[in-house]
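Q: I have a new model open and want to learn to read it. Where do we start?
A: Let us look at it first.

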Amino acid sequence: MKTLIISIAIFSASIFNYSYANGNNAMDKILEKGISFKNGELPLNKNQHEFVRVSFRINEENKIEIMETNSSNELIKEQLLERLTTLTLFGSLDIEKVYIYNFTFNKK
């Protein structure tokens, strides 16, 4: 059965109080639980790879506020941003941090 895999790549830098994805980050777990796509839901062909790079922060209402995006496929980007902006986040998340994630989409 064909499966769709979403992976989060790690970016590293230490300027401007940015927070980056790593295995122990609470945001990683939130995104893994809150964002999923069923087989055939995204416009991908077999062995095709697409990416969406998103920078965002958390606002006072615990919602994701998109700051900047870059993508290889506009349709996939729109679907991902729709899911991100509808997430309601819980817990103590720093509203001062900027999170940068690179989502990679593959269909095998």
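Predicted model: local features only at pLDDT ≥ 70, side-chain atom pairs only at ≥ 80, totals over all residues.

Q: Now a strand residue. Is Ser55 buried or exposed?
A: Buried means under 20% relative accessible area. Ser55 has 11%, so it is buried. It lies in strand S3, residues 49-58.

Q: Which residues does Ser55 contact, beyond neighbours within four places in sequence?
A: Glu65, Ile66, Met67, Glu68, Val98, Tyr99 and Ile100. Take Glu65: it is 10 residues from Ser55 in sequence, and the C-alpha atoms are 8.8 Å apart.

Q: How many aromatic pairs does the whole structure hold?
A: The search finds 3. To classify a pair, check the planes: under 30 degrees apart counts as stacked. Phe56 and Tyr99 have planes at 20 degrees and ring centres 5.5 Å apart, so they are stacked. Phe56 is in strand S3 and Tyr99 in strand S5 (residues 98-107), 43 residues apart. Both are buried.

Q: What about Phe56 and Tyr101?
A: Also a stacked pair, with 5.9 Å between centres and 15 degrees between planes. This pair links S3 to S5 across 45 residues. Both Phe56 and Tyr101 are buried.

Q: Which residues do the ring pairs link into a cluster?
A: Phe56, Tyr99, Tyr101 and Phe103.

Technical notes:
Residues numbered from 1 in each chain as written. Heavy atoms only, no water. Helix = DSSP H or I, 4+ residues; strand = E, 2+ residues; numbered from the N terminus. Buried < 20%, exposed > 50% of the residue type's maximum accessible area, 1.4 Å probe, protein only. Contact = heavy atoms within 4.5 Å. Phe/Tyr/Trp six-rings, centres within 6.5 Å; stacked < 30°, edge-to-face > 60°.
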